[in-house]
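Please keep the sequence and the structure in view while reading.

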Amino acid sequence: WLGLAALAAFGSLGALAGCGERAGEAQSLAPVEIDRSTSCELDGMLLSDYPGPKAQVHYAGQAQPSFFCDTVELFNTLLAGEQVRAAKAVFVQDMGKAKWEQPVGHWIDAKTAIYVLGSKRHGSMGPTIASFAQEADAVKFAAEYGGKVLRFGEITADMVDLSGAALHDTRM
């Protein structure tokens, strides 16, 4: 039920983005590109040092987005029962277009993205959740690397448990 609660909370983003927007506010909802100094909100890791899809959350009342070096960390944060900050926008990278080893750009709305859970491809924290704009790209990726194709609302808290994930990172 946590996945559904997060989806319901996240579902109100469209209404937030369109209603009562002040001049310049729409600009803050656009994805921000990472650079060599962009670090992960949870552990301070530099995003550009690791493979796999990245994520960013634009929280209400926060000028800059919070970045995540891995989509598992993103979902773990969004699905946490204690998550109380209101997310105005959430972006992930389209791995159908971005390079896996050094993904740059190709940001897409996390709510409409298609995901592959359980593939052989690893991100910064080991096993990750690949994100795609097109379902055909996700299906092709799953056929090549394994995993299950899921939508945003189908990802649950038990699928994104971070305990022990750092054990998979050989560069920490």
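**The second largest pocket**

Helix H5 (residues 135-145) contributes the most residues to the lining of the second largest pocket, namely 5. The model is a predicted one, in which local features need pLDDT of at least 70 and side-chain atom pairs count only at pLDDT 80 or more, while totals for chains, interfaces and linings use all residues. Residues are numbered from 1 along each chain as its sequence is written, and side-chain values use heavy atoms, with hydrogens and water left out.

- A pocket is defined on a 1 Å grid over the protein atoms alone, as an open set of points where a 1.4 Å probe fits, with protein on both sides within 12 Å along at least five of seven lines; lining residues have an atom within 4 Å of a point.
- The second largest pocket holds about 170 Å³ of space, a volume being the space filled by probe spheres set on the points, which are joined across faces, edges and corners.
- Among the residues lining this pocket are Trp100, Arg121, Phe132, Asp137, Lys140 and Tyr145.
- The lining divides into 6 nonpolar, 1 polar and 5 charged residues. Here Ala, Val, Leu, Ile, Met, Phe, Trp, Tyr, Cys and Pro count as nonpolar, Asp, Glu, Lys and Arg as charged, and the others, Gly among them, as polar.

**The chain as a whole**

- The chain has 5 helices and 7 strands; helices (H or I, at least four residues) and strands (E, at least two) are DSSP runs, numbered from the N terminus.
- Along the sequence, these elements follow the pattern α-α-α-β-β-α-β-β-β-β-α-β.
- Of the 172 residues, 44% count as buried, where buried means under 20% relative accessible area, exposed over 50%, and partly exposed in between (1.4 Å probe, protein chains only).
- Among contacts (heavy atoms within 4.5 Å) with a separation of 6 or more, 65% join residues 24 or more positions apart.

**Confidence**

- The mean pLDDT of the chain is 83, and 78% of its residues reach 70 or more; pLDDT is the predictor's confidence in each residue, from 0 to 100.
- Over residues 1-9, pLDDT stays under 50, and the model has 9 contacts beyond four places in sequence for them.
- Residues 165-172 also have pLDDT under 50, with 13 contacts beyond four places in sequence.
- Where pLDDT is low, the predicted coordinates should not be read in detail.

**Helix H4**

- Helix H4 (residues 71-78) is largely enclosed by the rest of the structure, because 7 of its 8 residues are buried.
- The buried residues of H4 are Thr71, Val72, Glu73, Leu74, Phe75, Thr77 and Leu78.
- At the start of H4, a side-chain oxygen of aspartate 70 comes to within 2.8 Å of the backbone nitrogen of valine 72.

**Residues in loops**

- Threonine 38 lies in the loop between H3 and E1 and is buried, with a relative accessible area of 9%.
- The side chain of threonine 38 reaches the backbone nitrogen of aspartate 35 at 2.8 Å.
- Beyond four places in sequence, threonine 38 touches Met45, Leu46, Leu47 and Phe67.
- Tyrosine 50 lies in the loop between helix H3 (25-28) and strand E1 (55-59), and is buried at a relative accessible area of 9%.
- Tyrosine 50 and methionine 125 are 75 residues apart in sequence, yet 8.9 Å apart in space, C-alpha to C-alpha.
- Histidine 106, in the loop between strand E3 (87-93) and strand E4 (107-109), is partly exposed, with a relative accessible area of 39%.
- Although histidine 106 is not a glycine, its phi is positive, at about 55 degrees. Most residues other than glycine have a negative phi.

Methods:
Polar contact = N/O pair within 3.5 Å; in protein donor to acceptor, adjacent residues only side chain to side chain.
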